[in-house]
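Dear colleague,

I am passing on a structure that you have not worked with before, together with some notes to read beside it. Please open it first and keep it in view as you go through them.

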Amino acid sequence: MRELSKDFIQKLPKTDLHVHLDGSMRFDTIFDLAKKQKVDLPSKTHKGLKSIISCGEQTKSLEDYLRGFSITLSILQEEEALYRAAFELAEDAANENIRYMEVRYSPILHTDKGLRLAQISDAVILGLKDAEKAYNIKTGVIICGIRNMNPAKSVMLAELAIAYKNKGVIGFDLAGAEFSHQAKLHKDAFDLVLKNNLNITIHAGEAYGPESISQALHKCGTHRIGHGTRLMEDGDLLNYVNDHRIPLEICLKSNFHTKAVQSIKNHPLVFYLDFGLRVTLNTDNRLISDTNITDEYMLGINELGLSYEDIKNIIINGFKSAFIPYKERVALTNSALKEMSDLEEKILNQKIFIEEKI
């Protein structure tokens, strides 16, 4: 039996449309910044800290999954740290041939030491832009409101996103604990964003059912759905999402960690693909879920039986769903198609496109 090799998947051009800055740091950077900032970490060893931050099968819920963020946020309260985290995330993404990445975070979570929202935004955008100069990657920033915070803070963050439109920010999101914190309570923020023609994506259908997705679509005007794992529970809504070509930002490993699904094999990704939904594959949190985009695709291959045609479809969906102007999306998509075609021919000729499974 033959299988797609990890080396080949890593070489393919890819996107990551759903990745959190504060959930995607390097362990070495956490230790280094903690030392410089004199922040006490709960463990002084890589293994010990990983056991606290990175999730596994023992993780029980979205709330449980979010526990590691208090550690990363404790050392992301200075401009230098924010710049470094952004630059290194783009560097890591470029090293596995992610050509386009959208980084999301909530600036309000980085104000503990008195940084202003503009200082925070400038540091993150500069880190990403400097990485773009050093590597073959394009990036954008998505500002997040937080579900369990006062909706007035979401309005303030929406105003920030609008101020930075065309200056690095390409969208607005609502993240945080989904259950019992309804998106429609933040409608004023989304109305403001829509009025200013900014893109919207909302975490929905992960810790709560299809009603959460319906609110994101019909009350808040979202253009993409973050996760959407439980969309399959409402066939009528699923058809609406499919008919309107609303992309789903699927994150396999984190969906298992948050128990949106009980196992990777139970994930509805294949059903969504077969039904024709615009599915994209993303990391969510590289550090918290101990993953990268190549690993996410390999999970799809090994656990869900994705074919190469499925992989190509998902990759192209990612480029088509990017929050960038239409002409730029077309150019990126065509470039990715050509790169995949060239890589197929080159690697097939070298006979390393597939490996023998023993």
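**Contacts of L128**

Leaving aside residues up to four places away in sequence, L128 is in contact with A86, A90, V103, T139, G140 and V141. Please keep in mind that this is a predicted model, and that the values in these notes were computed from it.

L128 itself sits in helix α7, which covers residues 117-134, and its relative accessibility is 1%, so L128 counts as buried, the cut-off for that class being under 20%.

**Helix α2 and its two partners**

Helix α2 (residues 27-37) packs against helix α3 (residues 46-53) at an angle of about 105°, and the axes of the two are 11 Å apart. Since angles of 65 to 115 degrees are classed as roughly perpendicular, that is the description that applies to α2 and α3. The residues that meet there are F27, I30 and F31 on the α2 side, and H46, L49, K50 and I53 on the α3 side.

How do the axes of α2 and helix α6 cross, and which residues meet between them? The axes of α2 and α6 (residues 79-94) cross at roughly 170° and come within 11 Å, and because an angle over 145 degrees counts as roughly antiparallel, α2 and α6 are placed in that class. From α2, the residues T29, D32, L33, K36 and Q37 take part, and they meet E80, A81, R84 and E88 of α6.

S24 belongs to the loop between β2 (14-20) and α2, and with a relative accessible area of 5% it is buried. Although S24 and S289 are 265 residues apart along the chain, their C-alpha atoms are separated by 8.8 Å. When residues up to four places away in sequence are not counted, S24 touches V19, L89, D284, N285, R286 and L287.

Finally, M232, F271 and F275 make a nonpolar surface patch of about 270 Å². One of these residues, F271, lies in helix α13, which spans residues 269-275, and F271 counts as partly exposed because its relative accessibility is 37%.

Conventions
Residues are numbered from 1 along each chain as its sequence is written. This is a predicted model: local features need pLDDT of at least 70, side-chain atom pairs count only at pLDDT 80 or more; totals for chains, interfaces and linings use all residues. Side-chain values use heavy atoms; hydrogens and water are left out. Patches are made of residues with over 30% relative accessible area and no salt bridge: like charges are joined within 9 Å, nonpolar side chains (Val, Leu, Ile, Met, Phe, Trp, Tyr) within 5 Å. Accessible areas come from the Shrake-Rupley method with a 1.4 Å probe; for residues, only the protein chains shown count as cover. A salt bridge is a side-chain nitrogen of Lys or Arg within 4 Å of a carboxyl oxygen of Asp or Glu. Helices (H or I, at least four residues) and strands (E, at least two) are DSSP runs, numbered from the N terminus. Buried means under 20% relative accessible area, exposed over 50%, partly exposed in between (1.4 Å probe, protein chains only). Contact means heavy atoms within 4.5 Å. Axes are lines fitted to C-alpha atoms, for helices over the stretch in contact, and angles run from 0 to 180 degrees between N-to-C directions. Angles under 35 degrees count as roughly parallel, over 145 as roughly antiparallel, 65 to 115 as roughly perpendicular and the rest as oblique.
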